[in-house]
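Q: Hi! Could you walk me through this one?
A: Happy to, here it is.

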Amino acid sequence: PDRPAGRALGPLCGAMSENYDGNGQFLGAAMYPLDTVKYFEFSFKGNGDREDTCFYVLPLLAEHLRDNHVELTVLDLENRMLDDKQALPIIEALRGNTTVKELKLGRNMMDLALLELSEILKTNQTITKVDVRQNDINESAAIGFAEMLMCNTTIVELNLSSNHVASAAKHLAVALPMNSTLTKLYVEDCWIEDKEAELLLAALGKNSSITEFRGSNNRCDKKDVRKQLRSWAR
């Protein structure tokens, strides 16, 4: 029998899922919101001109972003393993967009695309939540997000966890006292060492808006610093 469109639970009691379209076309093995399926194609290497087995972003997504499609309020690219080549046209399509309120970009392989995003967010006035955890961000892109926080006045939640923030955390420390909008900041597993962690913790004390901070699983040797990163509270 034909498979129904959307999610079909796999053998792990819902821990895994397979997506198929109405024609039985395989859309990838994971849990994805049904309203995102129309924007992606899962293709195998050698299928036509496809160079890799992966998700490919369809032109419709950039078109909807540029046209301010009223139903596209959450840009959800999560867990598609997109690299910069796939993601950059989508990020660039956010310039001038006024309908997207939330970015779910976690679990991909972006770096330069997210550096570009940090530039766009400096002047964007509609996006309030940004999740870029588990990407391939290096220190340049992390600095870009720090600079963005110095001038953005709409973002209330930023998740940078599981990226290579490292010494760029000192730039976040400079930015935080200048920002009075951000309420949640997550930098878990970001390769931050003691010196930068101490600067970051001091900056949190100077910030007036953050109410939730998570900074566990970094590279700090000092026990008291690790404890503060785990259990910070205003």
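Q: What should I know about the model before we start?
A: This is a predicted model, so local features need pLDDT of at least 70, side-chain atom pairs count only at pLDDT 80 or more, and totals for chains, interfaces and linings use all residues. Residues are numbered from 1 along each chain as its sequence is written, and side-chain values use heavy atoms, with hydrogens and water left out.

Q: Great. How many helices and strands does the chain have?
A: The chain has seven helices and eleven strands. These are DSSP runs numbered from the N terminus: H or I with at least four residues for helices, E with at least two for strands.

Q: And how much of the chain is buried?
A: Of its 234 residues, 45% count as buried. Buried means under 20% relative accessible area, exposed over 50%, and partly exposed in between (1.4 Å probe, protein chains only).

Q: What about the contacts in the chain with a separation of 6 or more?
A: Residues 24 or more positions apart make up 70% of them, where contact means heavy atoms within 4.5 Å.

Q: Switching to helices: how do helix 3 and helix 4 pack?
A: Helix 3 (residues 112-121) and helix 4 (residues 139-151) pack at about 10°, with axes 8 Å apart. That makes the two roughly parallel, a label for angles under 35 degrees. The axes are lines fitted to C-alpha atoms over the stretch in contact, and angles run from 0 to 180 degrees between N-to-C directions.

Q: Which residues meet there?
A: From helix 3, Leu114, Leu115, Leu117, Ser118 and Leu121 meet Ser140, Ala141, Gly144, Phe145 and Met148 of helix 4. By class, that contact has seven nonpolar, three polar and no charged residues.

Q: Nice. Which residues of helix 6 are buried?
A: In helix 6 (residues 194-206), the buried ones are Asp194, Glu196, Ala197, Leu200, Leu201, Ala203 and Leu204. Their cover includes helix 5 (169-175), strand 11 (212-214) and helix 7 (223-231).

Q: Last topic: what is Met81 doing with its phi?
A: Phi of Met81 is near 55°, a positive value in a residue other than glycine. Met81 sits in the loop between strand 6 (74-76) and helix 2 (84-92), and at 45% relative accessibility it counts as partly exposed.

Q: And Asn217, buried or exposed?
A: Asn217 is exposed, with a relative accessible area of 61%. Its phi is also positive, near 60°, and Asn217 lies in the loop between strand 11 and helix 7.

Conventions: The expected span of a helix is 1.5 Å times one less than its number of residues. Angles under 35 degrees count as roughly parallel, over 145 as roughly antiparallel, 65 to 115 as roughly perpendicular and the rest as oblique. Ala, Val, Leu, Ile, Met, Phe, Trp, Tyr, Cys and Pro count as nonpolar, Asp, Glu, Lys and Arg as charged, and the others, Gly among them, as polar.
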